[in-house]
Amino acid sequence: MEFAIKKPDQEPNGWRKDSSAPSLPEVHHSMKVPKKAGFFRKLLAFVGPGYLVAVGYMDPGNWATDLAGGSQFGYTLLSVILISNLMAILLQALSGRLGIVTGRDLAQACRDHYSKPVSYVLWFLCELAIAACDLAEVIGAAIALQLLFGLPLIYGVILTALDVILVLMLQKKGFRYIEAMVISLIALIMVCFIMELIFSRPEFAAVAAGFIPTTEIVTNPAMLYIALGILGATVMPHNLYLHSSIVQTRKIEPTIEAKREAIKFSTIDTTVALMLALFVNAAILILSAAAFHSAGKEVAEIQDAYHLLGPMLGTGAASILFAVALLASGQNSTLTGTLAGQIVMEGFLNIRLTPWLRRLITRLIAIIPAVIVIGIYGESGATDLLILSQVILSLQLSFAVIPLVTFTSDRKKMGVLVTPKWMAVLSWFVAILIAGLNAYLLYTTFFG
């Protein structure tokens, strides 16, 4: 196989084994990049993976913290969303760099670098995180279906399993179709929130001031807790595995120059896409601040926000747009979650399952606990499941971030395309900060 051939510029020698199996083999190198083309035409060829990653930063699991932050503290925590987003851009850029330079996704890199017992532990933790993230997305989409159509939550959860069929249909047509659908749903979410901001008429001076950090965020315990929640849940572990794989759908020449160019365009794609995610998260908080904080109402649950938006903004369209955006967000996130599940299992264990079976397993891991909890505790149990999913994500995050920063900072593994010193130092700072914040979040969750 061509993937096992070791070329001078292709594979730095810091790995124990040659990269013999491509990540996501059914779409690996399936999209050609024009060799002789202008800047914008080449950029267009690389546009897509960043948007698949961006959906993880606007998934239903993030909505509750944004709603709570806006309703309780107005626009103050916008600065936390901005800082979180900048951290996410840095780490996703590293993930894309790893995939482009080494031809490995993060899971494959971990399998090569660590012993088998350590790899199995990392795989188990990652599967747990994907199941937790998928759980939040499934419940989010089910809540949206309930709000829009009155569908009982348990039926909405089961209905989300149909996305397995949708992904398979799109992937058979080509990976570009999956990217197009994801980008279309992101556009729908953005249109919904642009309309919401028009309805809510926020104070633009206060919004601008909210992006400037204040000492109150640290000195106010209640504000600090929500700020930590926003920071701790920003970077999704599975996105780091996902991004390092899907950048390899682009077929680039195995030369230093071609890889350097691919890193540049991939970073632009990621930055633009995550800035759109910043807009969505900021819009949720701004909407909550304008609609609820000004009226003295604290809102943390998605259902409460839906029911209150219409009466408080004076138009029923506000509630409908909110639910439509939630449905698009949940559906988008489940699409990328199923891809991440395949990447992680194949990368860590080198087990190849047919795509439909792997995606069905991933979906069932999320649906079964949701159905059981809702069946036993009723629909109120869904909120507790959302909280639990975020705790699990926080627990696993550092086990993805630290290996990523380690690999991309290692010249033996990355060759001349190793992460620049300034970027490596900043990445380690972010990795340590995330580990500390998540440790604090876990402590306060269980003992605080």
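Helices here are DSSP runs of H or I with at least four residues, strands are runs of E with at least two, and both are numbered from the N terminus. On that basis I361 sits in helix α17, residues 355-377. I will come back to that residue at the end.

First, the ground rules. This is a predicted model, so residues are numbered from 1 along each chain as its sequence is written, local features need pLDDT of at least 70, side-chain atom pairs count only at pLDDT 80 or more, and totals for chains, interfaces and linings use all residues. Side-chain values use heavy atoms, with hydrogens and water left out.

Now the overall picture. The protein has 20 helices and two strands. Of its 448 residues, 57% are buried. Buried means under 20% relative accessible area, exposed means over 50%, and partly exposed is in between, with a 1.4 Å probe and protein chains only. A contact means heavy atoms within 4.5 Å. Among contacts between residues at least 6 apart in sequence, 84% join residues at least 24 apart.

Next, a helix pair. How do the axes of α1 and α14 cross? Helix α1, residues 39-46, and helix α14, residues 256-291, have axes that come within 9 Å and cross at roughly 70°. The axes are lines fitted to C-alpha atoms, for helices over the stretch in contact, and the angles run from 0 to 180 degrees between N-to-C directions. The two helices are therefore roughly perpendicular to each other. For the cut-offs, under 35 degrees is roughly parallel, over 145 roughly antiparallel, 65 to 115 roughly perpendicular, and the rest oblique. On the α1 side the contact is made by F39, K42, L43 and F46, and on the α14 side by E261, A262, K264, F265, I268 and D269. By class, that contact has six nonpolar, no polar and four charged residues. Nonpolar here covers Ala, Val, Leu, Ile, Met, Phe, Trp, Tyr, Cys and Pro, charged covers Asp, Glu, Lys and Arg, and the others, Gly among them, are polar.

On to charges. A salt bridge is a side-chain nitrogen of Lys or Arg within 4 Å of a carboxyl oxygen of Asp or Glu. A search of the whole structure finds five.

One of them joins K35 and E253, with the closest N and O atoms 3.4 Å apart. K35 is in the loop between β1 and α1, and E253 is in the loop between β2 (250-251) and α14, so the pair ties together parts that are 218 residues apart in sequence. K35 is exposed at 62% relative accessible area, and E253 is partly exposed at 40%.

Another is between R104 and D112, at 3.8 Å from N to O. Both of those residues are buried.

R176 and E179 also form a salt bridge, with the closest N and O atoms 2.8 Å apart. Both lie in helix α9, residues 175-200, three residues apart, about one turn of the helix. R176 is partly exposed at 34% relative accessibility, while E179 is buried at 1%. Through shared partners, salt bridges join R176, E179 and R250 into one network.

Which charged side chain is buried yet has no salt bridge? That is R97, whose nearest side chain of opposite charge, D410, is 13 Å away. For that search Lys and Arg count as positive, Asp and Glu as negative, and His and the chain ends are not counted. R97 is in helix α4, residues 78-102. Leaving aside neighbours within four places in sequence, R97 is in contact with I263, M414, L417, V418, T419, P420 and M423.

Then the backbone. Most residues other than glycine have a negative phi. L24 has a positive phi, near 45°, and H29 also has a positive one, near 55°. L24 lies in the segment before β1 (31-32), and H29 is found in the segment before β1 too. L24 is buried at 1% relative accessible area, whereas H29 is partly exposed at 27%.

Two last residues. T336 is in helix α16, residues 316-349, and is buried at 1% relative accessibility. Outside four places in sequence, T336 is in contact with L52, V55 and L242. As for I361, that residue is partly exposed at 30% relative accessible area. The C-alpha atoms of I361 and Q342 are separated by 9.7 Å, with the two residues 19 apart along the chain.
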